[in-house]
Structures are given as C-alpha cells and as structure tokens.
Amino acid sequence: MRPTRYEVAVRERASLGEGPTWDPSTGRIIWVDILSSRIHTYAPSNGRRTVMTAEQHVGAAKPRAGGGLVVNLRDGVGLYGPDGEPFRWLVHDPLPGRRGNDAAVAPDGSLWAGTMRYDERPGGGSLTRVAPDGTVTRQLADVAVSNGTGWSPDGRLMYYIDSPTGRIDVLDHDGGLALNRREFARVESGAGFPDGLAVDADGCVWVALWDGAAIRRYTPDGALDRVVELPVRRPTACAFGGPELRDLYVTTARTGLARPHPLSGSLLVLPAAGQGQPGRPFAG
C-alpha cells in the first residue's frame, strides 16, 4: 500500500494538465489541459483516448448524472449533453482577467467551482457552489488561486487549497455551506505549493505539489505520512481511478518551464496507491 513507483498512463505535452476525475459510467479518466482548452479522456482497460476542444480555457470537466459534462470555463459554468448535444451555459458570469480553475462535485451533487485571475492577484478569485438548477452561492471570497477541493468520507468535512497560502485548509460542511475554515496542514517553504487534492476512503488527503515534484498524503489529523517523488517538477492534481479505485492518477504541467522534463504534461499513475472513494456526478 506504499507506492514507490509511477507509470505513464498517457504520454502528452499538455501545457497545464489538471483536474483528473474517474467516470465509473464509462470507465475513463477525464482531465483537462486548461490553456489549450482541451478535454481529454483515457480508458485504462483498452488505452482508448479522446480529445475535444472546449469553448474557452477550461479549468475542470466533471461527468453529469444524465451523461455529458459540466465544465468550469473562463466565463462561467457550462454543460455538454450526451450524444453530441450542443453546449449551453448554466452560469454565465464573465469578468475580464478572470477564469475558472479547479472544481469538484459535492456529496449532494452540486459543483463547487473555483476561479482565479490570470495574473494570480490576491483576492481576485473565489469558490462558489453551483446547484443543479444553476443557483450560485458564493462560499469563499478573497481567494488568489482556487484549487483542490474534496470531502471526507462522511461528507462532514471539506478540504480546500488556495495555492499561494501554502496551506491545506479544512472546513465544516453542512449541506450547502462550508464553515469554520482553519488550517489542516501547511507545506513548508521550498517544498512547492499545494495544488489539487484527493481524499481517500480512509479520510487521508493526497496533495499534488506544484514546483515540488511530489505527491503527499496527510492523515485525517493532518500528519504527513507519505511522500511520492515524481520526475516532473509540476504535478497539478490527483484522483483515484480504475475499476476498484486503487490507482492514483496524476496530471502534470509544463507551462513556465524553460527545460521541462520529457514527461511534463503527461498523465501519470501510481498503481495500487490506496483506496479511493466513489465519485459523484453533477446532478444537473
């Protein structure tokens, strides 16, 4: 149960790979290349891949309960229907200089969508809850780079990362609200910045370290108990996938690197890393 190796799931040159999500209905990992406006899928059972171009820069893409995708785009949250149905906006809220970033589906089927400014200005981003009918409730304001979001197995805690703070925070999750934000763990100076996260079936929090070339696991009490070093400098996010939810998939980036590693931008996998939680499709 202690991963010591990685494998290459998809060799790719994504500029800013992000947001891996396992879709059990199709047996695929969904992930995005934000700055190329591309949505990728990969089926580990047969190696089949697809790539589609989104309307705008795409921070996240998650499966919908009725098929298709919900996407966190530059100017809001949109929907792709199943079987090639046309794109439509669920929430259209353009703001110059701002874009969607990471997002996650909560236990109740709502989408928690993060935003940030392209210049990463402090206070320029936020975290909002988007209900299936498109109702928006702002949960966190004054955010710089809204990133990893996930829930404990019982749904009572929500973990959250605003990357420049260097912290993984935890909040009490009560229905449609996240309250009482406090520090869960902190990444020490020089070890990189926390980016995307995944919460496993034991309640441990796995975190990708941007500029840290590693994935870390923290126990439910916030103690660091595992570090997996990677060859790429900028891992961005992680998610459990595969038929038994035991393999940890890791997206990576090459943007901003003068000499990126040949695997930067690829989708990596840590086989048998742990035990993930079943995912939830967006209910809208």
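**Close-up**

Reply: Leaving out residues up to four places away in sequence, R64 touches L69, V70, L79, Y80, G81, R88, P281, F282 and G284, where contact means heavy atoms within 4.5 Å. Bear in mind that this is a predicted model, so local features need pLDDT of at least 70 and side-chain atom pairs count only at pLDDT 80 or more, while totals for chains, interfaces and linings use all residues. Residues are numbered from 1 along each chain as its sequence is written, and side-chain values use heavy atoms, with hydrogens and water left out.

R64 sits in the loop between β6 (58–63) and β7 (69–73); strands here are DSSP runs (E, at least two residues), numbered from the N terminus. Buried means under 20% relative accessible area, exposed over 50%, and partly exposed in between (1.4 Å probe, protein chains only). A salt bridge needs a side-chain nitrogen of Lys or Arg within 4 Å of a carboxyl oxygen of Asp or Glu.

Other arginines do find a partner. The whole structure has 15 salt bridges, one of them between R98 and D93 at 3.3 Å, N to O. R98 counts as buried because its relative accessible area is 10%, whereas D93, at 42%, is partly exposed.

Further along, D200 and R217 also form a salt bridge, with their closest N and O atoms 3.8 Å apart. D200 belongs to the loop between β18 (193–199) and β19, and R217 to strand β20, so this pair ties together parts that are 17 residues apart in sequence. Both are buried: D200 has a relative accessible area of 2%, and R217 comes in at 11%.

D211 and R233 make a salt bridge too, at 2.9 Å, N to O. Since D211 is in the loop between β19 and β20 and R233 in the loop between β21 (224–229) and β22, they link parts 22 residues apart in sequence. This time both partners are partly exposed, with D211 at 26% and R233 at 44%. There's also a network of salt bridges with shared partners, joining R167, D169 and R181.

Strand β20 (residues 214–218) brings us to I215, which is buried at 0% relative accessibility. Skipping neighbours within four places in sequence, I215 is in contact with W206, V207, A208, R226, V227, V228, L230, P235, C238, L248 and V250. Along with W206, L230, C238 and L248, I215 is among the residues with the most contacts inside the largest nonpolar core, which has 15 residues. Such a core is a set of buried Ala, Val, Leu, Ile, Met, Phe, Trp, Tyr and Cys residues joined through side-chain atoms within 4.5 Å. β19 (205–210), β22 (235–241), β23 (247–252) and β24 (267–270) each give two or more residues to this core.

L230 also touches Y6, A213, A214, I215, P235, V250, L268 and L270, again not counting residues up to four places away.

Notes. Helix = DSSP H or I, 4+ residues; strand = E, 2+ residues; numbered from the N terminus.
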